[in-house]
Protein chains: 2
Amino acid sequence: MKISLGAKTMVLPVPVLVVGTYDKNGRPNVMTVAWGGICCSSPPCVDIALRRETYSYESIMHRKAFTVHVTPEGYLTEADYFGIASGRDVDKFAATGLTPVKGDLVDAPYIKEFPFVMECRLLKVVELGLHTQFIGEIIDVKSDEEILDETGVPDIEKVSPVVLVPQIRNYYGFGKKLGKAFVMGKKLCAK
Amino acid sequence: MKISLGAKTMVLPVPVLVVGTYDKNGRPNVMTVAWGGICCSSPPCVDIALRRETYSYESIMHRKAFTVHVTPEGYLTEADYFGIASGRDVDKFAATGLTPVKGDLVDAPYIKEFPFVMECRLLKVVELGLHTQFIGEIIDVKSDEEILDETGVPDIEKVSPVVLVPQIRNYYGFGKKLGKAFVMGKKLCAK
């Protein structure tokens, strides 16, 4: 018997995405976003949802571009900070000692020290309520060579991405490998 | 120095969401979706992205409602199967022995055996390309009582949700607790 918990956002887990933008004066900023994910394979798209009062909201509307980083375990403190402080008040790069790099293909910066980044141009703006969803077309994915496996794909164990359980405000690491997608379920196809 | 991997969908990890629908004849169906997540806090919204040719696409367009389950580790084989087979050809509930339950508040079924489900009414349809994003307003969250912690929130360790790394098609479990969100980063605020 299920009990009702009311109308709440309770998908668990959610990603910890760090979004890079230039403000209207060209100053680089980063913000951490938990509402987001991939939303289309072709064109490849990623969505992030921001509140209107965030400084990054303004910057994305202005520059029509952003970057998205997956947070590696080693930079979790910095990513948490990026979600607490506002780029309106502080220079988050200066505060953390991280290095902004100008995107090659879009008008947004990325963090040199993060192993993995997507360069995105703004494709759609979807107004939802408290949050506005920005859908970005992924123009390029950039990765440190050291984290790639022998097939040229980022190695999950080297990236060590973190996830967030928002309701209890806890970050978690990656667990054990459970099986192959599109393989495990095949045994049920025969039925 | 970062190297370019091209325009690809590479946010890792992604959730493993099982979407429940009724088809035009009222037959319950489920499909597994990896492109999706929370996109607004108020109204609470979840998005899922489906290809147009899926059977669930048709059903959502018809019924304007769907449910979203987080996949627990114990039902991963079934969830993988839900992403392989099509409801156009088979009855996935019959094939897995799982039980469809009529949603209380929306015109969509949920899986009795899954511990946790969101009942959603279709709010927006965003055409993107290969995938169409369906944004659902979460009308209610339903949970088995056994998985709730003492504060009434689903206990992540009891739910044991899985995540997927699409590029290497591997499912992973949850790892160790890494720290508190909106707390860890505070030490950088003083700088």
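This is a predicted model: local features need pLDDT of at least 70, side-chain atom pairs count only at pLDDT 80 or more; totals for chains, interfaces and linings use all residues.
1. On the extent of the interface: 99 residues of chain B are in contact with 99 residues of chain A. The size of an interface is often given as the accessible area lost when the parts come together. Here chain B and chain A bury about 8,700 Å² between them, and 68% of that area lies on carbon and sulfur atoms.

2. On what chain B contributes: strand β13 (residues 170–180) of chain B supplies eleven residues, the largest share of the side that touches chain A. Sorted by class, that side of chain B has 58 nonpolar, 20 polar and 21 charged residues.

3. On pairing between the chains: strand β1 (residues 2–6) of chain A runs antiparallel to strand β11 (residues 131–144) of chain B, and four bridges join them. Within this pairing, G6(A) stands opposite V141(B).

4. On pairing within chain A: strand β10 (residues 116–127) is joined to strand β7 (residues 65–70) by five bridges in an antiparallel arrangement, with C120(A) as the bridge partner of F66(A). β10(A) also pairs with β11(A), again antiparallel, over eleven bridges, and here F116(A) has S143(A) as its bridge partner. β10(A) and β11(A) form a hairpin with three residues between them, and G129(A) in the turn has a positive phi of about 155°.

Key:
Residues are numbered from 1 along each chain as its sequence is written. Chains are lettered from A and ligands numbered from 1 in the order in which they are written. Side-chain values use heavy atoms; hydrogens and water are left out. Contact means heavy atoms within 4.5 Å. Buried area is the accessible area (1.4 Å probe) that two parts lose on being put together, summed over both. Helices (H or I, at least four residues) and strands (E, at least two) are DSSP runs, numbered from the N terminus. Ala, Val, Leu, Ile, Met, Phe, Trp, Tyr, Cys and Pro count as nonpolar, Asp, Glu, Lys and Arg as charged, and the others, Gly among them, as polar. Two strands pair if DSSP finds at least two bridges between them.
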